[in-house]
Amino acid sequence: MSSIRTFLILSVVATLVLFNFIAAIQGYSSSMKEAELLFDEKMLNTAKLIANLHVEGNASNIEHTSTIAFQLWKDNKIIAASNNAPDTPIADFQPGYGYINFDRHRWRSLGYYDRKRNVWIALAERDDIRSLLAENVILKSVYPILLGIPLVSLLIWLIIGYGLKPLRQLANELSNKKNNDLTPIAAKESTKELKQVTTSINSLLQRLDTTLEREKLFTADAAHELRTPISALKIQLHNIKQEIPTNSDALKQLNDGVNRMHHLIEQLLLLYRTTPEELSKDFSEIDLYTLTQNIIAEHYSGFEKKQQNIELIGIHSKINGNTFGLTALIQNLLNNANKYTPKGGDIRITLEETESKYSLRVEDSGPGIPIEARDQVFERFYRHKNQQAIPGCGLGLTIVKHIADLHGATIKIENSSFTSGCAITIEFRRQ
Amino acid sequence: MSLSSDDNRNKKMFLNSIALISQEVLEASILISILMALTKQLELSSRWAISALLIGSLGAYIYGLNIGNISEWFDYVGQEIVNACIQIAIVMLMFIATFLYSRSIFNTKKYGQTLFIVNATAIVALAIVREGAEIYNYLAGALTHAEYLVSVTTGSIIGTGIGVSIGILFYYALGAITGKRRHIIGLILFSLIAGSMTSQALLLLNQADWIPSTPILWDTSSLLSEYSLTGRLLYGLIGYEATPSILEFFGYLTTVMIMLFIGIKKTPKIKCLDEKINT
Amino acid sequence: MKTLHYKLVLLTCIGFIISPFNAFAGPPIIELEIKDHLFYPSIIEIPANKKIKLLIKNLDPTPEEFESYELNREKVIAGNRKAVIFIGPLAPGEYPFFGEFYPKTAQGKIVAIE
C-alpha cells in the first residue's frame, strides 16, 4: 500500500535535493573557473616580477619555495632557477599556460617571454595546492545547501503531515463508524476538498438510510399482510382434511409447506418488530431464570416428542431488558437446540454470574457448527449446507444476534461439553 | 610536440567524487526503482529491496577488500573477468525476471512470486556488489588523504543525493504511468539497462584480451562527451558510450531484442475460431 | 572434400579462439608506474594499429583507477599491486588517460604514431 504522505515527502525532498545539488555543482564550477583565472593572472604577474627583478649574469640558484618553481632561460640555458625546478624546461618556449609533472607533483605551468631582456621565464605552481585553496573557499558556499537539506526535509515532513491531518481525521472517523451507524459525519476542520467528500458521503449515507428504512417497512408490511391469507389457507387445509380423510402424501406435503411458510412469516415479523426504537422503549428488570423456565414449560411437548433430556442450571439473576425480545431470543435458541439435537439427545441451559456479566448458555448434543461457519450463521437466510434437510428459514440466529445487540450483549459459539454439538453463550453486561 | 599535457578537463576531487558516486549509485537505484515498481504492480511486498541492499553492501565490501588478489587472477585480468561475469549474470537474471513478470505464472503458481522476489534480490545485490566495490575502493583510498577529506565527503554526499533522488523520482514517475504503457516503458528501460550491461561485459572481456577488438562504430564524443555529468548519468541510465565498438553495439542490440521478445505479452488467440476456420 | 573443408573451418575457429592465449605472438608490453598519484611516464608513445599490453604498477599504498574515455578503458589497481590492460589496435592520435581516484594529479596520454 502506498501512502500519500510518503509519496509527497519523498518526491518533494528528492526534487529539492536534485535541483539544489545541481545548482550547487553549477555554482562550484563557475566559481572554480573564476578562481583558476585569478590564479593564472597572479602567475603572470609573478612571472613579470621575476623578469624585472632579475639581475643579468647572476646564474646562482634562488631559494626554493615548495609551491612555486621557476626557471630563467636565455639562449637555451638556465641562468637562474628555484631549487625545486628540474634541469629540463618546466614550460613550453611559447607564451601560455599548461600542465606538467615533476618533483612528484602536478604543476600549472606558464611560459613568459621578456622581450627587453630576451629571457624566457618558465613558472610553475603546484596545481593540487591551487585547487585545494580554491576548493576550500568555494566549498564553504556548498555547506549551507548540504546542511539545509535535512532541516528542510524535516519541515516538509511536518508541513505535509499537518496538511494531510483533515484527511486522516476523516479516515479515522469513517473507520470508527459502526456498521449500522448511518448518521452523517462531521468534518472538524473543513477544507474545500474535504467539504466535497464529506458532503458526498453524507448524502450517500442518507440515501442508504432511507433505502434501508423502506426495505424494513416493506418486509414488515409484506409479512404482516401475508399472515391473513396464510391463516385462511390453514383453515381451508384443515377443512379439506375433514372432508377427505385420506392419508394422501400430497396433502401432507402441502400441510408441511404451509406450516413452513407460516413459520417464516412469523420469524420475519419478529425480526422487524425488534427494532431498536420498538424494543428500547420498555426495558424492565427481568429474571432470566424464571423466563427460561416458563419458555421450557411452554415448549415442553416438543422436547418430549424427541425424548430429549433438558436441564436448566443456574441462579436467579435479574437483568435490564425487554421481555418480548428476550422471550424471542430464548425461544429461538431452544427451538434450534430442539431441532438439531437427535432423538434422545441432551440439552443444557446454564445461567451464570460473574463480577462483570451475566451469561446464558445453551448447549446441545447435535451435530454442532463447524468453526468456519460460525461467523456466517448470524447472516440472514444463511443455512449450513449439511443442515438443509432440517426445516428452517435461516433467520433464528439472526434474530438472536439482533436482540443480543440491542441489549448490548455479546454472542459466542463454542463446542458443547457433550461429545458433540455446540454451545451458544450470550453475555449480558452488568450495570 | 607539446611538453606539458595541455589537458583542459581540469579535474577536481569534488566534481570527480560527485560524478563517480552518482554514476555508481544511479545504476543501482534505477534498477531498484524499476524492480520495485514491478513488485508493486504484482502486489508483492517491497521488503526484498532492503535485504538486497544489505547483501549487496556486504558483498561489495568483501569484493572491495580483495580487489588486489582478484586482479591477479587469470594473469592480471581477474577483475575484468569477475566484473564481466557479474554483468552477464545480472543480464541472465533480468531475462528470467522479465519472463516471470510477463507470463501468467503469477496467477497460477505461488512459487512464481517467490522466484520473482529471489530474482529481484539477486539482481540488485549483484549490481551493488559491482558498483559498491568501486565506491569502497575509491573512498578507502581518497579518505586517507586529509587534504581531500572535505571535498570527497561533500562530493560523495551530493553524488549519493543525486543518484538516490533520481531513483525515487523515477520510481514514482513509473508508478504514475498507467495501464499497458507502464508495462511497455518499464520493459524498454529494462532492456536498455540489460543491453548496457552486456556491452560493458564485452568491453571488459576485450580489455582482458579474451575477445578480439573490433573497430569503433561511431564517435559522438563531440556531441555528448562521456565525461560530462550528463554523459555519465546517461551512461548509468542506458549505457551511453561515445565510441562503441561493433561487437559492443551488437551485444547491446541483441540483448535488447531478446529482452523485448521475452517481455512482450502475446495476446491470447481465440482458439476455437482458428479451429473453425481450419475445418 | 566436404570433411576437409569442415576440418579447415574448425581449425581456423580454434586458432581464432586460442590466439589471445598464444604466448609466442603476445603483444608488446609497455610499463606504466603510478607513484604519488602521478603516472610515470605521463606520455607514452606506441605504434598505431597494434595491440598493446599495458602493465601498470601502482607503487602507492592506495588504489587507483586507470580510466580513459577515449580508450574505453577502466580498471581499479589496488595499492602496491600490478595490473594488465590490453589496448588497441588504435588509430593514430592522442588518447588521454587519468586516474579516476586522483584525477587532479594522475593524468597522462597515449600517443599512437604510425
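Predicted model: local features only at pLDDT ≥ 70, side-chain atom pairs only at ≥ 80, totals over all residues.

Student: What makes chain A and chain B count as being in contact?

Tutor: Contact means heavy atoms within 4.5 Å, and 32 residues of chain A are in contact with 27 residues of chain B. The two chains bury about 2500 Å² between them, 73% of it on carbon and sulfur atoms; buried area is the accessible area (1.4 Å probe) that two parts lose on being put together, summed over both. On the side of chain A, A:Leu18, A:Ile25 and A:Tyr99 lose the most area to chain B, together 21% of what that side buries.

Student: How many residue pairs in polar contact are there between chain A and chain B?

Tutor: There are two such pairs, with both residues at pLDDT 80 or more. A polar contact is a pair of N or O atoms within 3.5 Å; within protein, one must be able to donate a hydrogen and the other to accept it, and residues adjacent in sequence count only if both atoms are side-chain atoms. Among the elements that supply at least two residues of this side of chain A are helix 1 (4-53) and helix 3 (143-163), and helix 1 of chain A gives the most, with 15 residues. Helices (H or I, at least four residues) and strands (E, at least two) are DSSP runs, numbered from the N terminus.

Student: How do the residues on that side of chain A divide?

Tutor: They divide into 20 nonpolar, eight polar and four charged. Here Ala, Val, Leu, Ile, Met, Phe, Trp, Tyr, Cys and Pro count as nonpolar, Asp, Glu, Lys and Arg as charged, and the others, Gly among them, as polar.

Student: Why is the link between the side chains of B:Glu72 and C:Arg81 called a salt bridge?

Tutor: The N to O distance is 3.1 Å, and the cut-off is 4 Å, so this pair of Glu and Arg meets the definition. The count between chain C and chain B is three salt bridges, and 19 residue pairs there are in polar contact, both residues at pLDDT 80 or more. Strand 7 of chain C gives the most to the side of chain C that touches chain B, with five residues, and that side divides into 18 nonpolar, five polar and 13 charged residues. Chain C and chain B bury about 3700 Å² between them, 50% of it on carbon and sulfur atoms.

Student: Which strands of the five-stranded sheet in chain A are edge strands, and why?

Tutor: This open sheet has the order 7-9-10-12-11, with mixed pairing, and two strands pair if DSSP finds at least two bridges between them. Strand 7 (309-314) and strand 11 (410-415) of chain A are the edge strands, since each pairs on one side only.

Student: Why do strand 7 and strand 9 of chain A count as paired?

Tutor: Six bridges join them and at least two are needed, so they are paired, and they run parallel. One bridge partner of this kind is A:Arg348 in strand 9, which belongs to A:Glu311.

Student: What is the peptide bond from C:Tyr40 to C:Pro41, cis or trans?

Tutor: That bond is cis, with omega near -5°, and C:Pro41 sits in the loop between strand 2 and strand 3 of chain C. Another cis peptide bond joins C:Gly88 and C:Pro89, with omega about 0°.

Note on methods
Residues numbered from 1 in each chain as written. Chains lettered and ligands numbered in written order. Heavy atoms only, no water.
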